[in-house]
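These are my notebook entries from a reading of one structure. I set down what I looked up, entry by entry.

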Amino acid sequence: MPLIKNGAEIEDSWTFIEEGAELPSSGCISLPLAKLIEDPDTILARNQQIGVRLAPADDPHELTPFLDRIALIEIDFPKYADGRGFSQAQLLRRRLGYTGELRAVGEVLRDQILYMNRSGFDAYQTSRADLPNVMKALDEYSAYYQPAADGQTSVFSRRHAKA
Amino acid sequence: MYRYDEFDAKIVKDRVDQFRGQVERRLSGEILEDEFKPLRLQNGVYLQLHAYMLRVAIPYGQLNAARMRKLSKIARDYDRGYGHMTTRQNIQYNWVALKDIPDVLEELAEVEMHAIQTSGNCIRNVTSDHFAGATKDEIMDPRPWCEIIRQWSTFHPEFAFLPRKFKIAVTAAEHDRAAIRVHDIGLHMRQRDGVVGFEVHVGGGQGRTPIIAAMVNEFVPESEILDYLEAIMRVYNRFGRRDNKYKARIKILVTETGPEEFTRLVEAEYAAQQASEKIALLQAEIDRIHAYFAPPAFEDKAETSDAFERAKAADPAFANWAKINLHPHKQPGYTSITISLKPIAGLAGDATDSQMAVMAHLAETYAFDDIRVTHAQNVVLPHVALDDLYTVYRELDAAGLATANESLITDMIVCPGLDYCNLANARSIPVGQEIQKVFSDPAYEQDIGKLHINISGCINACGHHHVGHIGILGVDRKGEEYYQISLGGRADEKAAVGQIIGKALRHEEVPGAVKTIVDTYRDLRTSADEKFIDAVERVGVEPFQEAIYASE
């Protein structure tokens, strides 16, 4: 499945390890939140990069103590209509200060990617859109009313910016 | 009225281009209907029984002549010559072809209109008091804050895929004409020690589970309201139920969590917001938006008008209309008029393209270019000089727009029902028309006084039957249409859900039952001044039940 980040299609070096499966001894691995929380010190001490995948009901605050030792957070959209991931992303970026890769996985539709980008995602794993389409989706608007996690100045403020 | 600046115009233009692309991808087969659905739904396009339906946003119900003319043109060019005013102060077109919708949106953009977020599980059109800025009983004009909330909620990236649709209403008058207590969020503007703020009600709604909203905060100052709304929305987005679409509205979250615990969650989320997360709306921006809503240039006039009094004396039909369809204005010598879209045996809320053109002309010529759509599916000209009233009335009358029944029993809220809607179980329109015929004698109708009948063709309650003084709900019994009647509902500041009075009635029994209810009320009221809803509150539903079901 294509992985798009920073305007390019990139090689995916991460492997998601399902709940209950054995952890491989090398390579970058992403784990369910529950798995990490079981024994964070041992897992984060492993000699490999560790990422986490959040399910929609997961509370991102549980990651607070580990954020500086995590290299990837995946937010899963099992159904496109389940928008909890947008709030998880905003919390991670704006409240908890996470700066690493934030990847949308699951049912990621082309026309949701702009909202995802604004909510703080920077990588999209999607079977529903190719690179040119994703780039187009990100470029469809040039002004936004409200501040979000993408650092854009809101229209409310731009109207009063000194030229 | 608010006017777009370069940013507003660009955002709406970008939307038209984006939607044109989406429709092209759908028509070419590049995306399938199930992928197109969430896209069209965020833009007011529904697939109905016969065709696609397009719902156009009328923010807080306000139009001007140019916009009304455009709506008229769209009705003529793309529909079958009419539009349907909705209970959310929007307009719907029932016969628009999908391929034409991008062109319709482009035409709308020319007059600063759009169809953004008129459907889908997102924040919908913000609604308000249709007499805002004109009525005597408001403490301020709520429209500037409606506009600010409109902008804040437009394409909000975090709240576009909520558990379910989300409706916000704002009022600033003691008498609540915006039905804020049956909205997901209802805001009542207040003033405290010179500070403007909002009383915040959350979790009201109709549908399968009618609930009156809980007050979660008595006073949120205006400088904090958007941040407070963000906190409510985030709690809902994270914790609202997504396992069952009928339990997904915020009212269920508030009820199941308990209003106290829900309030605690909101307050905790609000308290956790860091400075960098705040919207930090500048006072200059608040002032900029308020400036668009400055009162029109009224002339100094006396409270009464000789021309008006003379016309009433000369034309009894006008006098009768003026008795019923006017609302007191804050400016001496002016009034607000309701243009009823509920003629006897008409289609509730429908206006033809030529009627829309007449309303546009009158607004421009006599009413400071201001028009409102009401949540009762009528139209209002909020600022008309008493001196001009007779002229306005005659033009309305010539266009079939002078029905004198505002808030009377024939002024019903009626959903499209089985005639148009693919959710409905029963027809609504014919039932409403048959009831209207029973009460078509103006003397009889006026003797009854204020009485709201609301009719829904299914449990989704688009016809607001739960909060009708008399509510009528269509249900399907083995392929036959039956109607359940409730009494005592109301949507105002004393909001209450009506009580079902007994077993559902067959279609043909409904008009007679309504007449029995009304005549029972006339017999038991303490005087002609006791309104129907007050009498029901005093005596309960039993006398009415007895009158209808006693013979069985």
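**Entry 1: terms for strands.** I note first that two strands count as paired if DSSP finds at least two bridges between them. With that cut-off in hand I looked up β1(B), which 3 bridges join to strand β2 (residues 52-56) of chain B. The two strands run antiparallel. I also recorded one facing pair, in which Leu47(B) is opposite Tyr52(B) of β2(B).

**Entry 2: confidence.** I am reading a predicted model. Its scores are ipTM 0.97 and pTM 0.96. For chain B I found a mean pLDDT of 96, with 99% of the residues at 70 or more. I keep in mind that where pLDDT is low, predicted coordinates should not be read in detail.

**Entry 3: the sheet of chain B.** Which strands make up the open sheet, and in what order? I traced 5 strands of chain B in the order β1-β2-β5-β4-β13, with antiparallel pairing. The edges are held by β1 (45-47) and β13 (350-352) of chain B; each has a single partner strand, so one side of each is left without a neighbour in the sheet. Ignoring direction, I find neighbouring strands of the sheet turned by 30 degrees against each other on average.

**Entry 4: helices across the sheet.** I then asked which helices lie across strands of chain B. Helix α3 (residues 65-78) of chain B lies across β4 (82-85) and β5 (91-96), and its direction is at about 15 degrees to β5(B). Helix α12 (residues 353-366) of chain B lies across β4 and β13, at about 85 degrees to β13(B).

**Entry 5: a helix pair.** I followed helix α1 (residues 6-27) and helix α4 (residues 101-110) of chain B, whose axes come within 9 Å and cross at roughly 175 degrees. The crossing angle makes α1(B) roughly antiparallel to α4(B). On the α1(B) side I listed the contact residues Val12(B), Lys13(B), Val16(B), Phe19(B), Arg20(B) and Val23(B). They meet Ile101(B), Pro102(B), Leu105(B), Glu106(B) and Ala109(B) of α4(B). By class, this contact holds 8 nonpolar residues, no polar ones and 3 charged.

**Entry 6: where the chains meet.** How many residues of chain A are in contact with chain B? I found 30 residues of chain A in contact with 35 of chain B. On the side of chain A that touches chain B, α3 (84-95), α4 (113-119) and α6 (155-158) of chain A each supply at least two residues. The largest share, 6 residues, comes from α3(A). I sorted the residues of this side of chain A into 13 nonpolar, 8 polar and 9 charged.

Note on methods
Residues numbered from 1 in each chain as written. Chains lettered and ligands numbered in written order. Predicted model: local features only at pLDDT ≥ 70, side-chain atom pairs only at ≥ 80, totals over all residues. Helix = DSSP H or I, 4+ residues; strand = E, 2+ residues; numbered from the N terminus. Axes fitted to C-alpha atoms, helices over the stretch in contact; angles between N-to-C directions. Contact = placed C-beta atoms within 7 Å. Nonpolar A, V, L, I, M, F, W, Y, C, P; charged D, E, K, R; others polar. pLDDT = per-residue confidence, 0-100. Parallel < 35°, antiparallel > 145°, perpendicular 65-115°, else oblique.
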